[in-house]
Amino acid sequence: MIGVRPNILAMSGYIPGEQLNDPDIIKLNTNENPYPPSPRVFEAVQAALTCDKLRKYPQPLGNTFRRAAGQVLGIDPDSILIGNGSDDILTILTRTFVPEGGRIVSPTPSYILYRSLAEIQGAQFETVRFGDDWTLPRPWPKPGADLTFLPNPNSPSGTALTVTELDRMVGEVGGMLVLDEAYADFCDWNGLALATTYRNVIVTRSFSKAYSLAGIRFGFAVAPPELVRELLKVKDSYNCDVLSLAAATAAIEDQEYFHSVRAKILATRERMRLALQDFGFAVTPSHSNFLWCRRTDQAVKPIYEELKRRKMLVRYMNYDGYDGLRISVGTDREIDALLRGIHEILELVKT
Ligand SMILES: *Cc1c(COP(=O)(O)O)cnc(C)c1O
C-alpha cells in the first residue's frame, strides 16, 4: 500500500465488541450501563442545542467540566485533562510519552487496545502475565518502560489491586504508570490519590460505564498539573464537543443518581455471580460491572454462540487458549432472561 507506514501495514487493528443494531437484543458484551443516564443529562444536552452553541467552537480545555469534576473529586481542576472517551486519553498519553522504538508494558490478559496503541506508535509491546489468582509478580519484572498501562479493575477479570499494591508498584515500574480506571466507579477504592501524590502516575476515567454515556464519548485523566500542561499540547484543540461536555458535566454533578445506579448494578452483580456459580461456572469475584466466567468441564464458546442465537450477546474471549465469557451486569430483567437461557442451554448439553 503506497505510503502506509510498515508498522500500520503489519498490524491487524483493534476489533471493538460487536454492536448489533437489533433493538431486541440483550446486550451484555461491552459493559455499557443498562440504565439510562441522569435525567439532568437530557436537560443539559437540550439546553446546549442552541444555534449559538452549535455554531461556535466548544471550550478547548473543558473548564466548566473541570471545575465540576474537581469539586466532586476534591482535586485541582488543573490536574484534569478531558478526552473524547478515555480511549482518546490513552492515545494522547502514548503520543506524549512513547518515542518510536520505545516500550509499552501492560499485564495480560487485559485490555487489548494497549497493543494497538503501541503498534501505531511503532513501539515495542511487552506483557506481564497475571498469576492464577490475578495477582501480579513482585518485584515488577519489566521496570523502566516509557508507559505501563494497568487497568484497575482489570478486564476481563474484574479484579482489582489494592491501593497498597498499587502504591508499591509505583516505586517499582520506574517510568510512567497509567492506572486505567474505566471501571473504578464500581470498586470500593481507587488510585486517584496516587495521581495527586506521585509525579509518574496518571489515572484515566470513562463516562461510558458508570455514567451510561458510551454513546457520547467522554473521559478524562487526572495527572500532576505540570504534566497536564504537556498533554494539552498533544491533544486535538477541540477534542470534546459542546454536547458531550454538557452531558458529562451534568452527569458528574448528579452524584445522587450515580450512586443509586451503582448500587443497583452491584446488587445484580452479586445475584448473577451466585446463580452462575450454581450453574457450574468458575466466576471470578468482580469489582467491576461484569463477570468473568469459565468452565473446566465443557467448552464455553458454544454457550456464547447459542446465547447469541437467542439474541443474548455476551463476550467470548480467548487469550491464546485461556478462554471464558465476560458478561456485563444488565438490568434484573435482562439477567433473569440470561440465566434462563443459560439454564436451558446447559440442560440441552446434558441430554
Ligand atoms: C471501556 C474501556 C475503556 C474505554 O472507555 P471509553 O471512555 O469508552 O473510551 C478504557 N479502558 C478499559 C479497560 C475499558 O474497558
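Reader: Which residue lies over the face of Phe-290, and at what distance from the ring centre?

Author: A charge sits over a ring if NZ of Lys or CZ of Arg is within 6 Å of the ring centre and within 35 degrees of the ring normal. Here Arg-326 lies over the face of Phe-290, 5.5 Å from the ring centre. Likewise, the charged end of Lys-264 sits over the ring of Tyr-35, at 4.2 Å from its centre. The model is predicted: local features need pLDDT of at least 70, side-chain atom pairs count only at pLDDT 80 or more, and totals for chains, interfaces and linings use all residues. Residues are numbered from 1 along each chain as its sequence is written, and side-chain values use heavy atoms, without hydrogens and water.

Reader: How many aromatic pairs does the structure hold?

Author: There are 17 (ring centres of Phe, Tyr and Trp, its six-membered ring, within 6.5 Å; planes under 30 degrees apart are stacked, over 60 edge-to-face, the rest tilted).

Reader: Why does the pair of Phe-65 and Phe-218 tie together parts apart in sequence?

Author: Phe-65 lies in helix α4 and Phe-218 in the loop between β7 and β8 (DSSP runs: helices H or I, at least four residues; strands E, at least two), so the pair joins parts 153 residues apart in sequence.
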